[in-house]
Amino acid sequence: MLFSQVAGQEEIKASLIKSINNNQISHCYIFEGPKGMGKYELALIFAQSLLCEKFISNPCNECLSCVKMNSENHPDLHVINHEEDTIKREEIDALIESIYKKPYESERKIYIIKAAHEMTVQAANTFLKTLEEPPGDSVVILLTTNANLLLPTIVSRCQTIKFRNVSRETIKSYLKENCSAADKDAAIAAEYSGGILNKAVNIIKGNDDILNKRAEIINLFDKIINSDSEIIYELENYFEDNKDNIDIFIENSMIWIRDIMFVQNNMDELMINKDFNRLAKIHGQSMKRDSNLIELMQNTSDNIKSNVNYKLAIDNMLLKIQEVFK
Ligand SMILES: [Zn+2]
C-alpha cells in the first residue's frame with residue numbers, strides 16, 4: 001500500500017508522514033469525515049507505515065511487517081468493525097486487556113476502531129481510562145463521521161484529523177488513472193460524487209444507479225414541467241415504486257436544475273449534463289430565476305428522511321416544480 005492510493009487529503013498525508021519521520025506520534029487519533037472519504041484506507045496505510053521496518057515517506061512493502069499487512073494478517077494490527085450495531089463494553093474490555101500487553105512482533109500495536117461513535121456510554125467510559133494512562137507502544141485510530149458524537153473527554157485527549165471533500169479535479173484524475181474511466185464519464189462521476197471518492201468509484205463501477213438513471217430522470221423532469229397538474233396522479237405509481245431510492249431522483253434533479261441555472265447565466269461550460277445542453281436551454285427559458293428550487297428539493301429529501309408523509313412530500317415537490325417553470 002502507498003499513500004497515493006487514497007485520493008486527495010494531501011495535507012493529512014503530509015502531516016502523518018512528518019509525524020512518523022519526526023517520531024512525534026500521538027497515542028490516539030480521530031479521523032473524522034463523511035462516509036466514503038477513504039478514512040479506513042488511510043488508517044490502514046498509516047498503520048502499515050507505523051509498523052514498517054524501513055519507512056521512508058511510504059511503507060516499504062517489502063519487510064516482513066509490510067508483507068503481513070498486505071496479506072491482512074498482522075498480529076499487531078487490531079480492527080474493531082461495527083458499522084451496523086453498537087460497540088459494547090466487553091469488546092473494549094478485550095481491547096484494553098490487549099493494549100497493555102507487549103506487541104507480538106513489532107515495536108507498536110495499532111488499534112483501528114471503525115464507527116467509534118457506536119461505542120455505548122459504558123464502552124466509551126471504559127475506553128477513556130486507557131487514554132488517561134496510554135501505554136507508550138500503542139496507537140489508537142478512531143474513525144467517525146462526526147466527532148461530536150464521541151465523549152468530549154475522549155476528543156480532548158486525541159488528535160483530531162478532519163477529512164475534507166476531495167476536489168472534482170482530483171477525483172476525475174483518480175478515476176482516469178485507477179479505474180480506466182473515460183474523460184467524459186470521469187467528469188460526470190466526479191460531479192455526482194459531491195467530493196466523496198468512494199461514491200465516485202461506485203458510480204464508475206456501475207454499483208451506483210445514479211448515472212444509469214441520469215437520462216431517464218432528465219426526461220421525466222421535462223415531462224413534469226410540460227404537463228398540467230394531472231401528471232401528479234399519472235406519476236403516483238412511479239414514485240411509489242422508487243420510494244426506497246427517491247434520492248436518486250432528487251439528486252439528479254438538483255444537478256439538472258443547477259445545469260439550467262448555468263445555462264441561464266451563459267456559463268454552459270460548467271454544466272454537468274453537457275450532452276443535454278439543448279434541453280437545458282429550453283428549460284432555462286421558462287424557469288423563474290431565484291426560485292430556490294434546489295433548496296426545495298433538498299428540503300423534500302430531508303422531510304422524507306424525517307418521516308413526513310411520503311406522498312404528500314412528493315405531491316408538494318411536483319407542484320412547486322411546475323410553479324417554477326410556468
Ligand atoms: Zn515495510
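Student: Which residue stands opposite T144 in strand 4?

Tutor: This is a predicted model, in which local features need pLDDT of at least 70, side-chain atom pairs count only at pLDDT 80 or more, and totals for chains, interfaces and linings use all residues. Residues are numbered from 1 along each chain as its sequence is written. Strand 1 (residues 28-32) runs parallel to strand 4 (residues 138-144), and five bridges join them; strands are DSSP runs of E, at least two residues, and helices are runs of H or I, at least four, numbered from the N terminus. The residue opposite T144 is E32.

Student: What is the order of the strands in the open sheet?

Tutor: Two strands pair if DSSP finds at least two bridges between them. Strand 2 (77-80) and strand 5 (159-162) are the edge strands, each pairing on one side only. The five strands pair in parallel, in the order 2-3-4-1-5.

Student: Why is helix 13 described as roughly perpendicular to helix 14?

Tutor: Axes are lines fitted to C-alpha atoms, for helices over the stretch in contact, and angles run from 0 to 180 degrees between N-to-C directions. Helix 13 (residues 246-264) packs against helix 14 (residues 277-286) with axes 8 Å apart and an angle of about 80°. Angles under 35 degrees count as roughly parallel, over 145 as roughly antiparallel, 65 to 115 as roughly perpendicular and the rest as oblique. The angle of about 80° therefore makes the two helices roughly perpendicular.
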